[in-house]
Amino acid sequence: MTAMAADARIASIRTLALLGPSGAGKTTLAEALLHAAGALPAAGAVEKGNTVSDHDALERRMQHSLQSSLLHFEHAGLRVHLIDTPGAPDFTGQALPALEAVETAVVVIDAQRGIELMAQRMLDAAKERGRDRVIVINKIDAPGVNLPALLEQIQSAFGKECLPLNLPYQGGVADCFFQSSGASDFGSVEAAHRALVEQVVEVDAAFVDRYLNDGDVPATELHAPLEQALREGHLIPVLFCAAKNGVGVAELLTVIDKLLPNPEEANPPEFLSGEGAEAKPVKVSLDPSAHVLAHVFQVRADPFLGKLGFLRVHQGTLQKNMQLYVGHGRKPVRVGHLFALQGKTQVPLDKAGPGELCAVAKLDELHPDAVLHDAAEDEHIHLAPLAVPTPVHGLAIAPARHGDEQRLWDVMHRLVEEDPCLKLEQAAQTNETLVYGLGELHLRVLLERLKETFKFEVKTQPPRIAYRETISAYAEGHYRHKKQSGGAGQFGEVWLKVEPLPRGAGFEFVDQVKGGVIPTAFIPAVEKGVREACALGVVAGYPLVDVKVIVFDGKHHSVDSKEIAFVTAAKKALQVAVKEARPVVLEPIVQVEVLTPEAAVGDVSGDLASHRGQVTGTRAAVAGQLVVQGLAPLAELAAFQTRLNAMTSGQARYTLALSHYDPVPPNTQAALAAAYKVQDEAE
């Protein structure tokens, strides 16, 4: 391919992500664009379960996108790559990675419901990632909508740089950029056109002078400053449509063709070489003949195809059967399956060049955020990290069939790898497999996929709270272990003292034995017994912490004393001492930060207070929202997201971080101790 041909191919590429709240009509808009461009004979409908995007059986049953879908079409000589993303807040981790693969973030807003939290989040994330931003107001034909008021709200929330490229007019839309006069339902097109031109020319002093001198600049000559204004966020175009009826869809195609950036015109990707403070920016070339750099922005677990990786080629040309390295991997892998995706349909490709989105399959080495490259020296190149919400909604899971523990871990790891807002861990203290997500719906869908896609049945329960035990007073304990069974017996006697340590100090063992009453060789056995008793707990079965144990006396027998005898004696002596040392059960106290609409701050604060929490402050967030900061016992937050959803119509989200441990209320300690006693007696 000649340099001129390569430049022309790159100039013909457009990449867009459809983002925004659930129900805004992103999937319907994607169908309308595919149909208008001739890629579909007819547009599908979400309610009929026949859209290209929502091809998963679970998506069709729920009538909501649950994962991002790759689409493509050709129009007016363009190659358009489209990513349709889910809009429910629980699936933010599926939507955000799309920003790493596109030049333009198209945020869709429902004309009836107005500005919702996910629209705000996605516009903010796109700005942070340096993406061009476009707002599409959908469902303009819905009854009772006040579109002028909504446009004012958008400008108030996101800035005066949100200017309409077209306006509703008699059931259609009227262009305001290329046309300098005409009518619209909002009034004259001339005012909207003038506002656009003035906003665009501001980024270029030469055009400012020309505009001031001539009074206008033809829109056809404003392409370069327009692209600069989009890159810098100086202009956020607003478009109107009714995707279900095709209103404004052809006009949106024209905007994609003539105004949205190709890969050369947008902000370059933020590639870095090295880690942490040592990382340095790397400039990526759109040269198709350069060495390959392709970013894995999403991984999908497919029971038939294995790992399915969604890629954005940033540099060089990715070819079928090519040998590539995956990130830091030292052994190259062969790309045996390369294709474009149209929902679930795979369109085989021989190659993909800079700016293209494609997919590869059956590469176990793939992982999210990996960079595929064909030069070993590029192993340290990676994209700047993407900020994603922290998963805090937990669930303990176990296989329904005994012996499937390893398979559970393997399958769950594959599913969790698809979404950066899912986390899987093994809790050592409670010996549970825990999965964390952004909410109840997030985890419910995960379990549905586990069951339907991988045919794996699990049992679930809320995670056990990682309580701890400590003491609040000095005490002594003594135990003599004596066992005679016909032959050699067992004998060991231990006296010890326990003292409380400051919170967070951990555990301290001190040997103050004198005169050899416990031979030095058996002191490690005493410590072992003490540590085992601490690990098991005394009052409620939770680890004993922040305690100093001093062994100061004991007895031994020249024949019968053995290690096991002193381990047992030390365990029992510690239990005796702790029961006399005013034992206390401690619970984890977490720092809570709740991002909530301003109107719900009182309800959120009241909920925390009613669940033994306290509000420590508030701070401003994005327009119309505040962050409520507080402290609360983790045990009280098991259903917090459900309560937040009820208080804020699903608009609030929270994060947690461990702060410290505090004593539980006396009634809680009594209940925990009673439950442990019953369990101990049963065993």
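Modeller: Begin with contact, which means heavy atoms within 4.5 Å. Keep in mind that this is a predicted model.

Colleague: With that cut-off, which residues is I135 in contact with, leaving aside its neighbours within four places in sequence?

Modeller: The partners of I135 are V107, I109, L123, I154, F158, C162, I236, P237, V238 and L239.

Colleague: Which residues touch the most other members of the largest nonpolar core?

Modeller: That core has 95 residues, and I135 is among those touching the most other members, together with L29, L33, I83 and I137. Another core, of 29 residues, lies apart from it; V494, V498, F522 and L574 are among its members.

Colleague: Now the sheet. How do strands pair in general?

Modeller: Strands of a sheet pair through backbone hydrogen bonds, either parallel or antiparallel. Here an open sheet of 8 strands shows antiparallel pairing, in the order β18-β17-β23-β14-β15-β22-β19-β20. At its edges are β18 (333–334) and β20 (345–348), each pairing on one side only.

Colleague: How many bridges join β17 to β23?

Modeller: There are 2 bridges between β17 (residues 323–326) and β23 (residues 371–373), and these strands run antiparallel. Y325 stands opposite H373 in β23.

Colleague: Where is P288 placed, and why is P288 classed as partly exposed?

Modeller: P288 sits in the loop between β13 (280–282) and β14 (293–302). Buried means under 20% relative accessible area and exposed means over 50%; P288 has 23%, so P288 counts as partly exposed. C-alpha to C-alpha, P288 and G355 are 9.7 Å apart in space, and 67 residues apart in sequence.

Technical notes
Residues are numbered from 1 along each chain as its sequence is written. This is a predicted model: local features need pLDDT of at least 70, side-chain atom pairs count only at pLDDT 80 or more; totals for chains, interfaces and linings use all residues. Side-chain values use heavy atoms; hydrogens and water are left out. Two strands pair if DSSP finds at least two bridges between them. Helices (H or I, at least four residues) and strands (E, at least two) are DSSP runs, numbered from the N terminus. A nonpolar core is a set of buried Ala, Val, Leu, Ile, Met, Phe, Trp, Tyr and Cys residues joined through side-chain atoms within 4.5 Å. Buried means under 20% relative accessible area, exposed over 50%, partly exposed in between (1.4 Å probe, protein chains only).
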